[in-house]
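Here are my notes on this model, as numbered points. Please read them with the structure open.

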Amino acid sequence: MTRWLVTGAGGMLAHDLLLQLAGADVTALTRAELDVTDPEATRAAVAGHDVIVNCAAYAQVDAAESNEGAAFAVNAVGAANLARAAAAAGARLVHVSTDYVFSGEVFSGEASRPYAEDAPLAPRTAYGRSKAAGEWAALASCPRTWVVRTAWLFGAGGPNFVTTMARLAQERDELTVVADQFGQPTWTRDVAAAIVRLVARDAAYGIWHATSQGQASWHDFAQEIFRLRGLDPERVRPIASVDYPRPAPRPAWSVLGHERWRAAGMPLLPPWRENLARALPLVVPTTPR
């Protein structure tokens with residue numbers, strides 16, 4: 001039986017990955033149980049496992065702007081530690097990454113094209129730089145590595161945009177949401193299933209994009225949450241990014257391409273609206289008022 005190790009096991013994606021792996025031989029370690037920045041502890045944790053899934057991350061995008069060293073320690077050094085330990089143990093590594101490794105800028109003529117798996121990296125934030133370094137470290141240190149980029153995640157295992165919108169719908173008559181940033185709302189359960197599928201099929205190593213099909217703005221996403229919950233979507237008003245400044249610039253374009261799945265003859269993740277409709281009763285089970 002394949003022996004799995006999941007790091008960052010307290011996070012939202014890991015929550016659904018562990019559900020996917022129910023019945024398997026799995027060691028799940030939270031941040032408190034394994035500090036991936038400690039090479040000796042990481043080496044000891046990896047020993048005896050066949051597949052390592054690295055969900056550990058410093059994911060506080062705004063906080064990373066003033067704590068880049070802390071973000072780099074987890075997202076880059078931690079990834080390198082895991083990759084070296086996996087290589088030494090003869091294990092395979094799944095390293096979870098992000099759309100923030102790209103610039104996210106909308107250029108003339110390019111806004112309609114999703115980022116390909118081999119598109120040049122150009123991170124504009126401390127978080128993005130640390131994750132880009134982590135990708136490089138994982139691929140360079142462990143030859144049997146899948147880098148799985150994902151984005152705009154929501155799920156039952158932690159706070160996220162869907163739960164925030166559901167809460168605000170109860171608290172406010174009207175709310176404003178950014179309408180000029182585009183991405184792919186993606187259910188963590190589908191990403192978890194994609195990770196298991198990559199490993200089970202022993203797919204080619206390298207970079208894969210695990211996001212839903214289609215695209216939406218945050219405003220589109222919020223309105224669809226309201227509609228599916230039987231609420232008036234017009235209560236969600238659009239605003240521009242400049243009206244909601246953040247310490248770290250948010251990508252205007254976070255749409256990722258899925259050509260590698262097609263080329264491998266493997267199923268893509270479903271369209272985002274379909275995902276959201278399936279997920280919503282599980283992510284926000286309460287009845288709206």
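1. Start with Glu135 and Arg149, whose side chains form a salt bridge, N to O 2.8 Å. The model is predicted. The pair links distant parts of the chain: Glu135 sits in helix H5 (residues 126-141) and Arg149 in strand S5, 14 residues apart. Glu135 is buried, with a relative accessible area of 2%. Arg149 is buried too, at 1%.

2. Thr145 in S5 is the bridge partner of Leu93.

3. S4 also pairs with strand S3 (residues 51-54), again parallel, through 4 bridges. Here Asn54 stands opposite His95.

4. How many residues of strand S4 are buried? The count is 7 of the 7 (residues 92-98), so the strand is largely enclosed by the rest of the structure. In a regular strand, side chains alternate between the two faces of the sheet. Both faces of S4 are covered: Arg92, Val94, Val96 and Thr98 are buried on one side, Leu93, His95 and Ser97 on the other.

5. The whole structure holds 13 salt bridges. One of them joins Asp190 and Arg278, with the closest N and O atoms 3.0 Å apart. Asp190 lies in helix H7 (residues 188-200) and Arg278 in helix H10 (residues 272-283), so the pair ties together parts 88 residues apart in sequence. Asp190 is buried at 10% relative accessible area, whereas Arg278 is partly exposed at 38%.

6. Check the network as well: salt bridges link Asp62, Arg246 and Arg250.

Technical notes
Residues numbered from 1 in each chain as written. Predicted model: local features only at pLDDT ≥ 70, side-chain atom pairs only at ≥ 80, totals over all residues. Heavy atoms only, no water. Buried < 20%, exposed > 50% of the residue type's maximum accessible area, 1.4 Å probe, protein only. Helix = DSSP H or I, 4+ residues; strand = E, 2+ residues; numbered from the N terminus. Pairing = 2+ DSSP bridges. Salt bridge = Lys/Arg side-chain N within 4 Å of Asp/Glu carboxyl O.
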